[in-house]
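Here is a short report on a protein chain.

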Amino acid sequence: MAGIRWIVVCCVMAAAREANSLSLGDTEEATARRWLARYNEALMAFRFEATLADWNYATNITENNQHHKLHWEEKLAAVQKEAALNASTFRWQEFSSYLKRQLKKITNIGTAILPDNKLNQMNQLAADLTRMYSTAKVCDRPNHYRNDCYPLDPDLTEIMAKSRDWKELLWAWKGWRDSISRQMPKMYERLVDIQNKAARTNGYDDNGDYWRSSYETPHFEDQLARLWRQVRPLYEQLHAYVARKLRAHYKGHEFPSSGHIPAHLLGNMWAQTWTNIKDLVTPYPNKTRIDVTAEMLKQGYNATRLFLVSEEFFTSLGLIPMPQEFWNHSMIRRPTDGREVVCHASAWDFYNQKDFRIKQCTEVTQEWLFTTHHEMGHIEYFLQYKDQPVWFRDGANAGFHEAIGDVMELSVNTPAHLHKIGLLSQLDTDSQADINYLMSVALKKVAFLPFGYLVDQWRWKVFSGEAQPADYNDAWWKLRCQYQGVAPPVERSADDFDPGAKFHVPNNTPYIRYFVSFIIQFQFHKALCDAAGHRGPLHQCDIYRSKEAGKLMGDMLKLGSSVPWTEAMMKITGTRDMDAGPLMEFFRPVIKFLEKENEGHRVGWDENCPEAPKWDEVVEGEARDWLRSYNRDIQQILSASVEASWTYNTNLTEHNQNISLQANAKVSAAQKKLVQNASRFPWRNFTNPLTRREFAKITNLGVAVLPPDDLGKLHKLRAQMQRIYSTARVCNKPGNSSGRCYPLDPDLTDLMATSVDWDELLWAWVEWRNVTGRKMPDVYEEFVALQNRAARTNGYPDQGAYLRSEYQEDGSVADPSYDFEQDIDRLWREVRPLYEQLHAYARRRLQTRYTNETFPQTGHIPAHLLGNMWAQSWSGIESLLRPFPNKTGVDVTEELQRQGYDVKRIFKLSEEFFTSLGLIAMPEEFWNKSMMTKPADRDVVCHASAWDFYNQKDFRIKQCTEITMPWLITTHHEMGHVQYYLQYKHQPVDFRRGGNPGFHEAIGDVMALSVSTPKHLQEIGLLKNYTPDAEVDLNFLMSQSLKKLAFLPFGYLIDQWRWDIYAGRVTRDTYNEKWWEARCRFQGISPPVERDPRNDFDAGAKYHVPANTPYIRYFVSHILQFQFQKSLCEAAGHQGSLHTCDIYKSKKAGKLIGDMMKLGSSLPWPDALEAITGSRRMSAEPLVEYFAPLLRWLKKENRGQPIGWNEMYRPA
């Protein structure tokens, strides 16, 4: 491929030089011819690469393939732009007509004229729209209890074709539009805007004007209107006949009095062809119906044989057979290897004069037999004009290409032809059989005409601005009601985007070509039948085996677009005009039949759309009643379960554990039953997004999907690990013969924070892991297997994917290609430089403390030295790292104790912070029932946590509070959770959670950002003798960074490690090795002693692993809290550096955050983020802004010192 690119570049450069120089004795036309020859060679190579990239994407829809496709589109556009610039140096307007035509086409480069950034935007939008269409599925099929989701092809297409159930058809019709087109309008609006810019740059009024210009026809729209007027009487007769038949079939269902047909009843997702309802409308049903599907199956046809039969039709005319590359590379069936593909049938020219392909998901049916002939007609056109210059390798106009495929069908689908090729055993030739045949063709050809006419009428209105974005859907249905006489079966709104449910709209393919082709194919057919010597009615003609017809057509095909289409039309038909006369001649017998059948009945319809039934009045109304009942019942069940869990967590006994497990089992059983009831509603098709969202959350069962035995086992395993952790004690402290054993809180936590004895720290660090993690790995392995079983039952590949879905739910972001893992990776890269500076500084300071100890040469810090059992927060070594130790520090522990603070007073102080913002005070139940201190008489889970009891009045905190500044901050944090509960308590139960899991943590932390400022601590009387200056500022920022920045890699890596376990990339034998690989890589810390890869399980020494609490929420929260802080500070009118802001007493800030908290999870999290920050995107910029002064100081301090560490894990 590199060689091809080099040749292309050379050719383009040479062509450019030729365009800009004129040798002595040369004429300008001679120079132009040489330049065109070189450019043609270059363009062929470029188009091959671009088409190949497009093919690879269409046959394997992946992000990588999309990127590659866009890359080549960008390159191709650049080449075309350069060529247009070079071509414009010639005075080509004065050249001979053939040269002039070539250079005119080259200089008219369409959207390639755009600047690179706009062109890339356009290509990305077009690719995203096509991918949305091609990967869409519809779920919740009525009366089907499996949770299957259905793609358009073949499933929904087959349902629309075969079902005669009004409601099922409505489900498919509405579901397809809801699943795809509602996401598109904003993207489509941007696409239209960019295309219009390109068209105007090219000198056209708008993109519609540009598209129409390709027909080189003055008053083209007037010609189309004339053709429509010619065929409309035939269509109206067909419409009246079909409408009457459908009313008879669907008795009991209401049809519009306006004469329109409900659009879901016509056997096709878009009502563009009506072939699939011929069983309902065949004039003489007792006569043999022409559908050779059964015969093809009987004869063992497969997709390949369909293609061989099609090829034989073309070669029988003396036309060119398919080349070997066609057979080697075409995609003629839907792949079975799990790839997403664009199934829409299409023919492909790879511009190297030998590689031509078809892409379609062939089924063995009569319709696919005809489609295969049609697509092969395109290939034949490619083959015939392959020797033309690249810019002439196209149909004479866009309708010609379609007409060539279709004109073959006009012969192939005749009973006579099907009989000749052995697919129709009996050939009826009487008038009734004739009418049946013509009706089947009319259902395809005549029924299509208004749809083919109106699609681009709508787009031209959009391009011209006549149809504004708010009117897109209304303008669409006005045209469909006016021209097709079909109406939406349910109410449609401006929020819908029903044009997007048709492939050609998101794929940006002009459509008027199909209307043109449906007119001119009959002109071609008449001319070819005359050449073949056919005698008799036009509809009975079959040109099979006529070399004369083949030559007439082949001679025209060879022209490509080298001459105006009128000349190509003249060559094959003897006339330069488009005319519907041959079409009317073809259908003359069925016109007479229809006129007779319709005597005395209404023919035609009102031009305005009728009022459509309201979907939600019936189904959604019933669903909302059910939701009210569900919320009442589930509240009671959850409240009892949380109460049992609270009892166990505040009194760790086996009895309480069993009670809690039983309560959990009751919740799971109730949820399963309720979900079964919920599944009877087609909730994915509901128009109310909140109702849809609530049902989505209700039916997402999580681990409750497991069978009762497995679920009980899962809960017991988790309780077993939690109990190991919460009751663990470390004994045999060196130098202490008392025999005392130490719990984590407060003893080991205090020791890790205050000791500077390497060996004492090492003893606590190792022994805590021995008494916790070492007892867990086998239990954890079994626990993981059960979680994965639940996730897969819920339709996720593993538990990691299930947990990430909370951040990546359907519709959660504007960009449908959003990838949560990529997003958090981006955020980590944004903050890593800041962390690396802090790490380098801390490492150097620790080396000065422990001068007699050996630090790893890899740049890692031994994990036991950072003042915390897990090195997640480095506040314990703040005294060592404080930039200016003689300046005031921000630790008010001594002042709290001096002023006689007790735990209750800390809680009251926290509450006052929230009420100062105008937020809700803690209810009476909070004060009566919270566990604020560690009981002396029993084991408890000391880990600080906030609790919602789901009864809208009982909210509690559980923590083993000490009178210290960290506990003051923690209390504000946990009360932030309770405030969130209070704000969203009126939401439905399944919306009572944060916008995403990180929101809840961020709400607690954003309060702490204000509370921990020297300014705030001084205002509430806890910081004495405080004089702000730059050094004090840096001390404060260092203190904050040891909590916030130091945490980031730990918050990031825990779930990276867990996700790898869930995905099977980490096994039981490598749990600990991979744990330390992640910690060495991201945190830059290493184990202080060698770890046993089989027996050690150091991850289990962190509460959230045995408790099975997802951890990435904390990383997310550490990003979000700074975004929240910046917005709240702006609302509070703060002036100055972000890190000095305190929102205390700001009602405006309180209202902003309160309004967001009230949402709970009722909206996708980007909506909640936008509500408070104005942005839908997580960003680390406010965090970096907050710590900017510290970063400058650290860079100065670290100048000349090594920054970073070796990312590879090496055993200690």
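pLDDT is the predictor's confidence in each residue, from 0 to 100. This is a predicted model, in which local features need pLDDT of at least 70 and side-chain atom pairs count only at pLDDT 80 or more, while totals for chains, interfaces and linings use all residues. Residues are numbered from 1 along each chain as its sequence is written, and side-chain values use heavy atoms, with hydrogens and water left out.

**Confidence**

The protein chain has an average pLDDT of 90. A score of at least 70 is reached by 96% of the residues. Helices (H or I, at least four residues) and strands (E, at least two) are DSSP runs, numbered from the N terminus. Confidence is lowest in helix H1 (residues 2-19), with a mean of 43. It is highest in helix H19 (residues 449-464), at 97.

Two stretches call for caution. A contact means heavy atoms within 4.5 Å.

**Overall build**

The protein chain has 49 helices and 10 strands. Its C-alpha trace spans about 115 × 85 × 55 Å along the principal axes. Buried means under 20% relative accessible area, exposed over 50%, and partly exposed in between (1.4 Å probe, protein chains only). Of the 1212 residues in the protein chain, 60% count as buried. Take the contacts with a separation of 6 or more: residues 24 or more positions apart account for 78% of them.

Ile637 gives a sense of scale. Ile637 sits in helix H26 (residues 615-649). At 26% relative accessibility, Ile637 is partly exposed. Beyond its neighbours within four places in sequence, Ile637 contacts Lys666, Val667 and Ala670. The C-alpha atoms of Ile637 and Asp205 are separated by 64 Å, and the two residues are 432 residues apart along the chain.

Most residues other than glycine have a negative phi, and most peptide bonds are trans.

| Site | Feature | Value |
|---|---|---|
| Asp153 to Pro154 | cis peptide bond | omega about 0° |
| Asp745 to Pro746 | cis peptide bond | omega near 5° |
| Asn508 | positive phi | phi about 65° |
| Arg545 | positive phi | phi near 75° |

Pro154 belongs to helix H6 (residues 152-162). Pro746 belongs to helix H30 (residues 744-754). Asn508 lies in the loop between strand E6 (486-487) and helix H21 (512-531). Is Asn508 buried or exposed? Asn508 is buried, with a relative accessible area of 18%. Arg545 lies in the loop between H21 and helix H22 (547-557). Arg545 is exposed, at 53% relative accessibility.

H6 has a buried side too. Leu152, Leu156, Ile159, Met160 and Ala161 are buried in H6. They pack against helix H5 (116-135), strand E1 (137-139), strand E2 (149-151) and helix H7 (166-180).

**Nonpolar cores**

A nonpolar core is a set of buried Ala, Val, Leu, Ile, Met, Phe, Trp, Tyr and Cys residues joined through side-chain atoms within 4.5 Å. The largest has 196 residues. Trp768, Tyr780, Trp874 and Phe1124 have the most contacts inside it. Helix H34 (residues 820-849) gives the largest share of this core, 11 residues. A second, separate core has 182 residues, including Val138, Phe220, Trp368 and Leu559.

Which residues does Trp768 touch, not counting residues up to four places away in sequence? Trp768 touches Tyr725, Ala728, Val730, Leu744, Leu748, Met869, Trp870 and Ala1101.

**Cavities**

On a 1 Å grid over the protein atoms alone, a cavity is a set of points where a 1.4 Å probe fits but cannot get out; lining residues have an atom within 4 Å of a point. Grid points are joined across faces, edges and corners, and a volume is the space filled by probe spheres set on the points. The whole structure has four cavities of 30 Å³ or more. The largest cavity has a volume of about 90 Å³.

Helix H15 (366-385) and helix H18 (431-445) each supply at least two residues of its lining. H18 gives the most, with four residues. Among the lining residues are Thr275, Gln366, Phe370, Tyr437 and Lys444.

Definitions and conventions:
1 Å grid on protein atoms, 1.4 Å probe; cavity = no way out; pocket = protein on both sides within 12 Å on 5 of 7 lines; lining within 4 Å.
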